[in-house]
Amino acid sequence: HFYKHSVSTYGQIFYSICKAGCLDELRPLINLMKEDNVVVDSSIFKVLLDAFIRSGNFESALEILDDMDELGTSLNPQMYNSVLVALVRKNQIELALSMFYKLLQASGSDEFVVLDGLTCNELLVALRKKDMREDFKTVFGILRGREGFCFDTWGYNICIHAFGCWGDLQTSLKLFKEMKEKGSGFGPDLCTYNSLIHVLCTVGKVKDALIVWEELKTSGHEPDAFSYRIIIQGCCKLYRVNDAEKIFNEMQYNGFRPDTVVYNSLLDGMFKVRKLKEACQLFENMVQDGVRASCWSYNILIDGLFRNGRAVAAYTLFCDLKKKGQFVDGVTYSIVVLHLCREGHLKGALELAEEMEARGLVVDLVTITTLLNGLHKQGRWDWAEQLLKHVRDGSLVVNALRWKVEMEAKMKCPQDTRKDFTPIFPSKGDFGEIMDLLSSSPGDQEMDNNFTSEGGESQVDGNSFTPSDPWSSSPYLDQLADKVESSTEHSPHLFSVSRGQRVQEKGMESFDINMVNTYLSIFLAKGKLSLACKLFEIFTESGIDPVSYTYNSMMTSFVKKGYFNEAWGVLSQMGERLCPADIATYNVIIQGLGKLGRADIASAVLNQLMKQGGYLDIVMYNTLINALGKAGRIEEANNLFGQMRTSGINPDVVTFNILIEIHSKSGQLKEAYKFLRMMLDAGCSPNHVTDTILDFLEKEIEKMRYQKASIKSNNKDDAT
């Protein structure tokens, strides 16, 4: 009972227990060691530390440091790596960063601390996951400039993926080139290819991504399930659903079983391009193949049915899922509330919000602002307080109503007379100079030219591509990396593949701009442009930074009312503040050019969009066809319609209405009638706009018949 074990005995037993994985026995033994006043050396403590880290018990790992401090044992320089890993995995990133910088400062002392690659990789992964961009770049820069440190393949992959996720394609490709130049032991692996394909899709260069995808299959690396998931998601996001379907079939042929995420991506893509039957069939196949549908799967299905004119089916499915008590979450309710508000069923939407709360689901800001929009759309300004009756818990409604009261008070304040006659959006030039503004900076333009030729096609595709190294396993990527190396400047990527949202998902941090966007859309929907401008001015002056949705809303309203100089001013301010444009921004630009009668610039704007990684959705196709048709460029409009169908996007009622109208007004009545038949054959239901256009078409046909009858009568009289 009173026997005192030696240092060697404790060392052996600690080592044996760690090797066996019986870590629950360690704490009592450490306490017993303290009672015996025995102090093992730091190498044994490192064994204990590493054992706790491997088991995921990071709290116990950090307690080891307290034990060492209590026993007066100094840290072995090699232990700092283990401590850093423990801090990172315990989610104490700030502390880990502070320790990392201190270790670098102390690297000139007698006890030199060697930071190994594994530790640095762990730190970089944690910084990327936390979206700590500046800290990531600082650590990355320090490590690259540190003598004796060299990234391994994993480290390169982490950095390629991180910079790509943040839209920095140039740095990702430079790292790929550097990786290949280092040769043996540092060459790209499957993860590298997956990261680069993901990066290219993220910045909108899906054509390049598809070429790299084909290159991957001949590089000696076989695509895995994750590779297929990345390329399918990228194609669906950028409306390349035909390519996504082809790769999906290839995935199944090669023995990979698509998971729920892959099915969800393809399902969402099919609904976006109006492939309703195919989407419903895909969902049935998903269930038959035994792939478990998630809540997100049903959300995509319900939203897709609503957006494709199948509101009854969507609402019926929603009610059935509620009865079963599964696959319904807050997002599902938010989707249904949104569509009910759009259809004017406000009472039902409010009841759903109340039901949401009764089920224990959080009524988020998206749902609340949707309800506010619906209330104001029906002129129920006095009903906003009724939200409190339907949503009793939570502070979001109270905050939204308080914000509304403060906003109304600020709007009533008299304007500063010193700012009279000063435009909110000062503009230099006019809307016709759009190409000068859209053109990138010299370095960025050089980069664009290196990647794409006219129309966004790859210069290094097909016969024009000559590999610099015929034995390379990645000649296309090598060419892209070489082009990046020749770029003289590095400029931010000012195009966002993701469309701007009214509500930013940043919690209370973005509450103000979310409410500004909501009330801007309310005022603009009611035609109250002056109120919207005042709201914009008040809150931007108070330090709230507008987002792309804010600018797009203002610009759309100006274009609709014919205030093109003001719209030009909004676009200019957007560029000055480095706010990235999205597909909606380009849509408004082409609308403006169409109204100005400058459809000749539309194709150049389209080319610029494609160079920046843009894509054409159904709204953009409709806008372009309308602009070209009204400018009398009917043949170009027809070609664009053909391109739309070839790309896999099915036309909607708006597309057919535009085509019937432009052909009717240009006197091509047979063509107009052909599009009407095509519309009915496609199962596309006419709306009230179609009725108006058909009335015009009928009058034109009667007019033509009358003219033909008159000509025949005149000819008969002449013959007589």
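Are Phe 248 and Tyr 263 buried or exposed? Both Phe 248 and Tyr 263 are buried. Keep in mind that this is a predicted model.

Let's stay with that pair. The ring centres of Phe 248 and Tyr 263 are 5.3 Å apart. Their planes stand at 70°, and over 60 counts as edge-to-face, so this pair is edge-to-face. Where do the two residues sit? Phe 248 is in helix H14, residues 241-253. Tyr 263 is in helix H15, residues 260-272. The pair therefore ties together parts that are 15 residues apart in sequence.

Next, a second aromatic pair. Tyr 315 and Phe 318 are tilted, with 50° between the planes. Centre to centre, they are 6.0 Å apart. Both belong to helix H18, residues 311-324. They are three residues apart there, so about one helical turn separates them. Their surroundings are worth a look. Tyr 315 has 33% relative accessibility, so it counts as partly exposed. Phe 318 has a relative accessible area of 0%, which means it is buried.

How many aromatic pairs does a search of the whole structure find? The count is 23. Some ring pairs link up into a cluster. Its members are Phe 136, Phe 140, Phe 151, Tyr 156, Phe 163 and Trp 166.

Rings also meet charges. The charged end of Lys 272 sits over the ring of Tyr 239, 5.0 Å from the ring centre. Lys 674 places its charged end over the ring of Phe 675, again 5.0 Å from the centre.

Now to helix packing. Two packed helices are described by the angle between their axes and the distance between the axes. Take H19, residues 330-342, and H21, residues 365-377. Their angle is about 10°, and their axes are 9 Å apart. Under 35 degrees counts as roughly parallel, so H19 and H21 are roughly parallel to each other.

Which residues meet there? From H19 come Ser 334, Val 337, Leu 338, Cys 341 and Arg 342. From H21 come Val 366, Thr 367, Thr 370, Leu 371, Gly 374 and Lys 377. By class, this contact has five nonpolar, four polar and two charged residues.

Thr 192 has 0% relative accessibility, so it counts as buried. What is Thr 192 in contact with, leaving aside neighbours within four places in sequence? Thr 192 touches Asn 157, Ile 160, Phe 176 and Met 179.

Note on methods: Residues numbered from 1 in each chain as written. Predicted model: local features only at pLDDT ≥ 70, side-chain atom pairs only at ≥ 80, totals over all residues. Heavy atoms only, no water. Axes fitted to C-alpha atoms, helices over the stretch in contact; angles between N-to-C directions. Helix = DSSP H or I, 4+ residues; strand = E, 2+ residues; numbered from the N terminus. Parallel < 35°, antiparallel > 145°, perpendicular 65-115°, else oblique. Contact = heavy atoms within 4.5 Å. Nonpolar A, V, L, I, M, F, W, Y, C, P; charged D, E, K, R; others polar. Phe/Tyr/Trp six-rings, centres within 6.5 Å; stacked < 30°, edge-to-face > 60°. Buried < 20%, exposed > 50% of the residue type's maximum accessible area, 1.4 Å probe, protein only. Lys NZ or Arg CZ within 6 Å of the ring centre and 35° of its normal.
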